[in-house]
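Please keep the sequence and the structure in view while reading.

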Amino acid sequence: VVAGAAGGIGQPLSLLLKASPLVDHLSLYDVVNTPGVTADLSHISSVATIDGFLPADGGLKKALTGADIVVIPAGIPRKPGMTRDDLFKINAGIVKGLIEAIAETAPEAFILIISNPVNSTVPIAAEVLKKAGKFNPKKLFGVTTLDVVRAETFVSEITGQKDAAKTIIPVVGGHSGETIVPLFSLAKPSVSIPADKLDALTTRVQFGGDEVVKAKDGAGSATLSMAYAGFRFAEKVIAAFKGETGVVEPSFVYLPGVEGGDEIKKATGLDFFSVPIELGKGGAEKAVNVIKDANDYEKKLLQKAYEGLKGNIEKGVEFVANPPQ
Ligand SMILES: NC(=O)C1=CN([C@@H]2O[C@H](COP(=O)(O)OP(=O)(O)OC[C@H]3O[C@@H](n4cnc5c(N)ncnc54)[C@H](O)[C@@H]3O)[C@@H](O)[C@H]2O)C=CC1
Ligand SMILES: O=C([O-])CC(=O)C(=O)O
């Protein structure tokens with residue numbers, strides 16, 4: 001299921017999923033325009049069958065029935081001058097509503113959250129699922145893959161590596177500004193970044209979203225690169241579910257619920273954090289503690305990330321505990 005399927009991310013993401021041989025059936029949901037997007041994609045001669053729903057006549061429930069995986073790019077995007085946190089007011093409620101429906105209709109599904117601010121919307125989702133008695137932390141993911149994709153791309157411009165995605169770079173923390181921490185010292189194969197280029201490279205990964213927001217000049221934020229990244233992550237979750245081994249990708253998860261997470265919670269003081277996750281049939285099988293191997297430069301960045309994340313996470317938890325009237 002794609003929830004928010006008619007949007008800037010939703011449409012190209014749905015296209016990639018419709019074309020994927022890993023997808024048997026694709027169900028599109030949005031509050032507007034789903035019939036058109038569904039009709040258009042339905043003409044593609046790939047294996048996935050497709051249907052689409054609007055809210056009327058229990059459309060959300062129909063879309064979610066039988067779902068194995070739900071990807072959520074629903075919600076408003078940034079305009080120049082806004083932070084991701086400025087989206088909280090509207091997107092918190094949208095995510096809460098969608099997760100309540102998932103808890104009721106597709107409690108076994110993997111849930112991939114793209115809607116910003118991810119640092120807060122994932123805690124919201126966790127709290128809603130906990131309340132409903134349906135929380136499986138191994139199946140809830142904040143999608144931070146675009147940060148990884150950006151790190152791969154931007155570093156390749158320095159190293160000259162033609163196939164950028166072949167360099168694995170752990171990007172950890174959260175998904176906004178200084179909470180995003182690329183760990184270039186742990187790249188595999190290793191990369192050599194001139195000292196005078198490291199600050200600018202790190203900042204570019206942290207604020208890559210702003211680059212797109214500025215260039216789009218009021219018309220939204222990253223959609224196409226996000227669809228690519230969201231598809232890459234969804235494909236990995238599905239491949240691991242179908243039995244592929246050795247699948248690893250960073251994601252923002254609930255640490256106490258994932259093997260290896262307690263150690264990272266102890267180091268960060270946080271319940272939610274993005275680290276490389278070993279994916280398996282059940283979802284997040286293991287959180288890999290890469291932060292212990294960060295160098296001194298990166299450790300300083302990590303401290304700032306912890307501080308920023310703390311407030312973002314608390315805000316999400318609070319939203320569910322004490323809903324605004
Ligand atoms: N995690 C990440 O790395 C990234 C996250 N984003 C976030 O993704 C979100 C979507 O961005 P865009 O696609 O550019 O926005 P958009 O405005 O083009 O599309 C959002 C879609 O969500 C739909 N929607 C609104 N309320 C809904 C509901 N209750 N149920 C289902 N659908 C609903 C809208 O009708 C619209 O079609 C934003 O919050 C943006 O900040 C964007 C880029 C990267
Ligand atoms: O910058 C934004 O608002 C959208 C986003 O999350 C990104 O591009 O990383």
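Predicted model: local features only at pLDDT ≥ 70, side-chain atom pairs only at ≥ 80, totals over all residues.

## A serine and its contacts

Leaving out residues up to four places away in sequence, Ser120 touches Phe88, Ala92, Asn312, Ile313, Lys315 and Gly316. Ser120 lies in helix H5, and it counts as buried because it has 31 C-beta neighbours inside 10 Å, where 20 or more are needed.

The protein is divided into domain 1, covering residues 2-142, and domain 2, covering residues 144-317. The C-alpha centres of the two domains lie 21 Å apart, and the contact between them takes 36 residues from domain 1 and 41 residues from domain 2.

On the side of domain 1 that touches domain 2, at least two residues each are supplied by helix H1 (10-19), strand E4 (69-72), strand E5 (110-113), helix H5 (118-131) and strand E6 (140-142). The largest share of that side comes from H5, which gives nine residues. Sorted by class, the residues of this side of domain 1 are 24 nonpolar, six polar and six charged.

## The C-terminal annotation and a strand pair

An unreviewed UniProt entry carries the annotation "domain: Lactate/malate dehydrogenase C-terminal", which covers residues 144-320.

Strand E9, made up of residues 247-254, has six buried residues out of eight, so it is largely enclosed by the rest of the structure. Eight bridges join E9 to strand E10 (residues 272-280), and the two strands run antiparallel. Within this pairing, Ser251 stands opposite Val275 in E10.

## The annotated active site

Which residue does UniProt list for "active site"? The unreviewed entry names His175, a residue found in the loop between strand E7 (171-173) and strand E8 (180-182). His175 counts as buried because 27 C-beta neighbours lie inside 10 Å.

Once neighbours within four places in sequence are set aside, His175 is in contact with Val118, Asn119, Gly142, Thr144, Asp147, Ile180 and Phe252.

## The surroundings of two ligands

Ligand 1 is surrounded by 34 residues, of which the closest are Gly4, Gly7, Gly8, Ala74 and Asn116. Helix H4 (residues 88-105) gives the most to this shell, with four residues, and by class the shell has 19 nonpolar, 13 polar and two charged residues. Because domain 1 and domain 2 both give residues to the shell around ligand 1, this ligand lies between them.

The residues around ligand 2 are Pro77, Arg78, Arg84, Asn116, Leu146, Gly209, Val212, Val213, Ser221 and Ala222. Helix H8 (residues 208-216) contributes the largest share of that shell, three residues, and each of domain 1 and domain 2 provides at least three. In terms of class, the shell around ligand 2 has five nonpolar, three polar and two charged residues.

Definitions and conventions:
Residues numbered from 1 in each chain as written. Chains lettered and ligands numbered in written order. Near = placed C-beta within 6 Å. Nonpolar A, V, L, I, M, F, W, Y, C, P; charged D, E, K, R; others polar. Domains from an automatic or database assignment. Contact = placed C-beta atoms within 7 Å. UniProt positions renumbered as here; feature names shortened; annotations may be inferred. Buried ≥ 20, exposed ≤ 12 C-beta atoms within 10 Å, placed from the backbone. Pairing = 2+ DSSP bridges.
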